[in-house]
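The tour below goes stop by stop.

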Amino acid sequence: MSLCEDCIKGVRHEGNPEGKWETISGVESYIGTPSGEYQTDKVLLFICDVFGPQLPNAQLLVDDFARNGIKTVAPDLFEKDGLPFDIFDSEEKRQSFDLPSWFGRHGPAASRPLLDKVISALKDQGVTTFAATGYCYGGRLVFDLAFENITSASIANHPSLLKSPDDLEKYFTTSRVPLLLNTCTVDEQFPPPAQSQADAIFGSGKFAHGYKREYFDGCTHGFAVRGDLSNPKVKAGKEGAFKASVDWLYQYGFGPVKNETK
């Protein structure tokens with residue numbers, strides 16, 4: 001499997017990130033911390049696409065999860081070598097970028113040990129339960145964590161680098177982690193036939209641990225993090241995928257602290 005053209009297209013989103021950068025076991029990470037009470041023993045791992053957590057779009061999403069009461073950590077798995085944002089600006093820049101060489105340096109085999117270091121360090125800080133949301137490239141690592149049952153909830157947004165049906169079947173047989181897939185119309189990495197395979201394998205209650213697939217019509221691979229928000233369908237898809245993700249996390253115990261009224 002390799003990355004596709006839509007993996008490196010996108011639009012920068014406007015906004016002022018509010019999170020903080022921290023170094024966790026040597027891995028720089030962008031962190032969104034809820035302003036009120038929250039479950040300090042639970043963390044959402046935000047696993048970025050090829051642009052890494054330096055992309056403002058990713059930071060704004062991390063902040064949004066934190067605003068919904070979920071402590072969120074986005075590790076820089078590319079060690080400041082994510083793709084440059086100016087690649088969005090022209091087809092010429094995308095064509096000239098040496099994506100195979102970049103992927104040779106930063107494939108999942110290289111990034112997973114960094115992710116494991118962050119998880120281990122967070123456990124040392126008292127975190128006992130993890131969920132993971134991944135975008136494009138990050139979707140692959142969401143699956144890998146679930147294969148080992150490291151996480152308690154999975155969200156894969158237009159995942160890249162999956163082999164269908166092999167990875168879907170492996171997830172079904174090895175994982176106990178509830179799975180949400182946010183999918184779309186045009187997706188070379190996780191196309192409609194793979195989406196249908198996922199439904200056939202997990203759907204109709206077959207996967208007892210929990211499965212749901214959301215579908216956003218008129219959207220293209222990357223919509224949930226890099227979509228053009230001036231397009232109403234893409235805006236609705238991005239917002240819909242985020243809402244579905246928060247609902248999924250709440251369903252599996254990652255909601256904000258509830259104050260009991262007496």
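Select residues 108–124 and 137–147. These are helix α4 and helix α5, packed at an angle of about 60° with their axes 11 Å apart. Helices here are DSSP runs (H or I, at least four residues), strands are E runs of at least two, and both are numbered from the N terminus. Axes are lines fitted to C-alpha atoms, for helices over the stretch in contact, and angles run from 0 to 180 degrees between N-to-C directions. The model is predicted: local features need pLDDT of at least 70, side-chain atom pairs count only at pLDDT 80 or more, and totals for chains, interfaces and linings use all residues. Residues are numbered from 1 along each chain as its sequence is written, and side-chain values use heavy atoms, with hydrogens and water left out.

α4 and α5 are therefore oblique to each other. The cut-offs: under 35 degrees is roughly parallel, over 145 roughly antiparallel, 65 to 115 roughly perpendicular, and the rest oblique.

Now show side chains. On α4, pick Pro108, Ser111, Arg112, Leu115 and Ile119; on α5, pick Tyr137, Arg140, Leu141, Asp144 and Leu145. They make the contact, which means heavy atoms within 4.5 Å. Color by type: six are nonpolar, one is polar and three are charged. Nonpolar covers Ala, Val, Leu, Ile, Met, Phe, Trp, Tyr, Cys and Pro; charged covers Asp, Glu, Lys and Arg; the others, Gly among them, are polar.

Stay on α4 and select arginine 112 and aspartate 116. Their side chains meet in a salt bridge, 2.7 Å from N to O. The term requires a side-chain nitrogen of Lys or Arg within 4 Å of a carboxyl oxygen of Asp or Glu. The two residues sit four apart in helix α4, about one turn. Arginine 112 is buried at 13% relative accessibility, whereas aspartate 116 is partly exposed at 31%. Buried means under 20% relative accessible area, exposed over 50%, and partly exposed in between (1.4 Å probe, protein chains only).

How many salt bridges does this rule give? The count comes to 19.

Next, select aspartate 89 and arginine 12. Here the salt bridge is 2.9 Å, N to O. Aspartate 89 is in the loop between β4 (72–75) and α2 (91–96), and arginine 12 is in the segment before β1 (20–24), so the pair ties together parts 77 residues apart in sequence. Aspartate 89 is partly exposed at 48%; arginine 12 is partly exposed at 39%.

Then take lysine 93 and aspartate 86, bridged at 3.8 Å, N to O.

Move to residues 56–67 and 232–251. Helix α1 and helix α9 pack at about 40°, with axes 11 Å apart. They are therefore oblique to each other, and their crossing is right-handed. Leu61, Asp64 and Phe65 of α1 meet Lys238, Phe242, Ser245, Val246 and Leu249 of α9. This contact divides into five nonpolar, one polar and two charged residues.

Last stop: phenylalanine 190, in the loop between β7 (179–186) and α7 (192–202). Is phenylalanine 190 buried or exposed? At 1% relative accessibility, phenylalanine 190 counts as buried. Leaving out residues up to four places away in sequence, its contacts include Pro159, Leu162, Leu181 and Ala198. From phenylalanine 190 to aspartate 89 is 25 Å, C-alpha to C-alpha, and 101 residues in sequence.

Key. A crossing is left-handed if the near helix is turned anticlockwise from the far one by less than a right angle, and right-handed if clockwise.
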